[in-house]
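Thank you all for coming.

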Amino acid sequence: ELYVELGEQYVYDAVDAFIAEFGIQDLQSFSDAYYGVYDSPEEFAEQFTIDVEGFNTDNLPPHIVIDWTKSWENLEDDFIFNNNCVFLRNF
């Protein structure tokens, strides 16, 4: 029942990815752990930086380069990227 509710509210692919990572026994924590769907871990790292840190990448001078791959590597202790879905590890 919870699987269907979450699948309809979010997307079934996200619910399936959560179960693959954490198991069905933790499904009640899905909403706490789910951060959304992203094309890549780097895209999540950039969006997380903008949303949480309040950092705006739109106004950077062209000589400034941000390594979003390295940023994701720094976030991997706290987040999981599975099937284009991002989940908080410790919910």
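Let me start with helix 4 and helix 5, which are roughly perpendicular to each other, a label that covers angles of 65 to 115 degrees, whereas under 35 counts as roughly parallel, over 145 as roughly antiparallel and the rest as oblique. Helices here are DSSP runs of H or I with at least four residues, strands are runs of E with at least two, and both are numbered from the N terminus.

Before going further, please keep in mind that this is a predicted model, in which local features need pLDDT of at least 70 and side-chain atom pairs count only at pLDDT 80 or more, while totals for chains, interfaces and linings use all residues. Residues are numbered from 1 along each chain as its sequence is written, and side-chain values use heavy atoms, with hydrogens and water left out.

Returning to the pair, helix 4 (residues 41-53) and helix 5 (residues 68-75) pack at about 80°, with their axes 8 Å apart; axes are lines fitted to C-alpha atoms, for helices over the stretch in contact, and angles run from 0 to 180 degrees between N-to-C directions. Among the residues that meet there are Phe-44 and Phe-48 from helix 4, and Trp-68 and Trp-72 from helix 5, where contact means heavy atoms within 4.5 Å.

Now to the sheet, which is open and has three strands in the order 1-3-2 with antiparallel pairing; two strands pair if DSSP finds at least two bridges between them. The edge strands are strand 1 (34-37) and strand 2 (79-82), each pairing on one side only. Strand 3, residues 85-88, is joined to strand 1 by three bridges, and strand 2 pairs with strand 3 over four. Val-86 in strand 3 stands opposite Gly-36, and Val-86 is also the bridge partner of Phe-81. In the hairpin of strand 2 and strand 3, with two residues between the strands, Asn-83 takes a positive phi near 55°.

Finally, which residues have the most contacts inside the largest nonpolar core? They are Phe-18, Leu-27, Phe-30, Tyr-34, Cys-85 and Phe-87, in a core of 13 residues. Such a core is a set of buried Ala, Val, Leu, Ile, Met, Phe, Trp, Tyr and Cys residues joined through side-chain atoms within 4.5 Å, and buried means under 20% relative accessible area, with exposed over 50% and partly exposed in between, for a 1.4 Å probe and protein chains only. Helix 2 gives the most to this core, with five residues.
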